[in-house]
Amino acid sequence: MNLAQASQQQQRKSSEGRHIGKGLFFLFSVLAGMLAIWGGLTYYESRLSGEIDDVSARIAEERQGMSQDKIDAVADFQFRMDGIAVGQSASADPEKLLSSVESSVLPGILLSKYTFNSTSRKIEMTGEAESFRTVVQQMTVLKKLPEVGTLSVLSLKRDGKGLIEFSFVITLGQPV
Amino acid sequence: MALKNLSFPIFMSVAVLIGVFSIKPTVESILDKRAVLAAKADEGVKVDGTVQNLDALYSSRASLLDTAEGKAVYGYLPVSISQDQVVDIFNYYAAQTGVTVNNIAFTDQSGKTSLGASSDGASSDGSTTEVVTIPETPTPASFTMTADIQGPYEGIRAFLAGISHPGRSSVLTSFSIVRQDTTDASGQIVTDVGRLSGTVSAEFFYLPQKKYRNGYMLSVFSGREFNLDAVKGFIAKETAIPPLADPQTVGRSNPFVL
């Protein structure tokens, strides 16, 4: 090995040492940065906890000064008023239902039974008609009513007097 | 030299471990606490409103109780079952319309949830991280009254119209009108179109008083007065039923003899 070769080898070793030193410094910096972020976040978290404790303590103090009986009385009164606002449209109007029948019944049709059930929203109509034609006409008129969703025939039969006994079921389509 | 080569992966592993097991949970905890702080701040505003307005609202309620609005509120959803009130309503409209009420049956519907879900709000145990909930509208209890009626068509029609607006929270669940056909001495079927029979069934609601643990969170406490618009509209639509008069004589030595 001559002098030039020895010098080059020493320069290479020196360069490698500097690279390793920079690498370690970078890694330590990253680690220190992460630890700093963690520390900052932990500090912020503890500050938030403190703020929550402060607000909670203020709320607890103010709540102690409030009368629970008065709160209950006011809340109870308000809930009953809310019930009025919500509940008025809950029930079907029998006047409207019967008015629809009155305005649509044909001559030659005699009802024997009318039932309404709000749960199933169904009306059952039973009666007698002069003829099958009258029954069909009555069905056509009923189907044109805006509140009628579907109309189905339960039975049709001729009785001893020659009249047609009919039974319809109407399912309401819109609130009445 | 081997240790120097391993230093990079070791440092990276430590960094990842710090990130996953320390920074990430802390960030999640911060997000939770920010949400709790926002909720607490909102609760604080509501508590301030309640502190400011509670006495005014309580006084307003007390003065309203003697007015038509106050009576309508407690008449619409009574505190107790008040079946006597419903019988009186049926009797009043029967007398007004010429309908005869024959049998009356009651069915207890308590526990059904016809008018919405119920909750009085989550209880507060004083925990600072607990977020209190606003009490939901309580579910009224109810009973169903079914009555057999008789009368002319016009009378039954008016009777049904009356009891469907009884001044009390109710739902007309079903009704029927049936023509009464009878057989005469010669065996002929006779139809009495002037007198029909029927059945009417209605569900009536009542709301027993209860405690509302987080009642101070309700929006009503943000103002100093009640909004009576719905009550006034209700009073305008409902027919007032005269209050039942007290009996003139009360008491007898032998209750089994008239």
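I begin with a definition: angles under 35 degrees count as roughly parallel, over 145 as roughly antiparallel, 65 to 115 as roughly perpendicular, and the rest as oblique. Axes are lines fitted to C-alpha atoms, for helices over the stretch in contact, and angles run from 0 to 180 degrees between N-to-C directions. Helices (H or I, at least four residues) and strands (E, at least two) are DSSP runs, numbered from the N terminus.

This is a predicted model, in which local features need pLDDT of at least 70 and side-chain atom pairs count only at pLDDT 80 or more, while totals for chains, interfaces and linings use all residues. Residues are numbered from 1 along each chain as its sequence is written, chains are lettered from A and ligands numbered from 1 in the order in which they are written, and side-chain values use heavy atoms, with hydrogens and water left out.

Helix α2 of chain A (residues 68–87) packs against helix α2 of chain B (residues 68–76) at about 75°, their axes being 9 Å apart. The two helices, α2(A) and α2(B), are therefore roughly perpendicular to each other.

In the second pair, the axes of helix α3 of chain A (residues 94–104) and α4(B) come within 8 Å and cross at roughly 145°. Here A:Glu95 and A:Leu98 are among the residues of α3(A) that meet α4(B), where the partners include B:Arg157 and B:Leu160.

Which residue forms a salt bridge with A:Glu95? A salt bridge is a side-chain nitrogen of Lys or Arg within 4 Å of a carboxyl oxygen of Asp or Glu. The partner is B:Arg157, with the closest N and O atoms 4.0 Å apart. This pair crosses between chains, from helix α3 of chain A to helix α4 of chain B.

I now consider the whole interface. In total, 83 residues of chain B are in contact with 65 residues of chain A. The chains bury about 6,700 Å² between them, 69% of it on carbon and sulfur atoms; buried area is the accessible area (1.4 Å probe) that two parts lose on being put together, summed over both. In chain B, the residues that lose the most area to chain A are B:Phe11, B:Phe175 and B:Arg179.

One of the salt bridges joins the side chains of B:Lys33 and A:Glu45 (3.6 Å, N to O).

Key:
Contact = heavy atoms within 4.5 Å.
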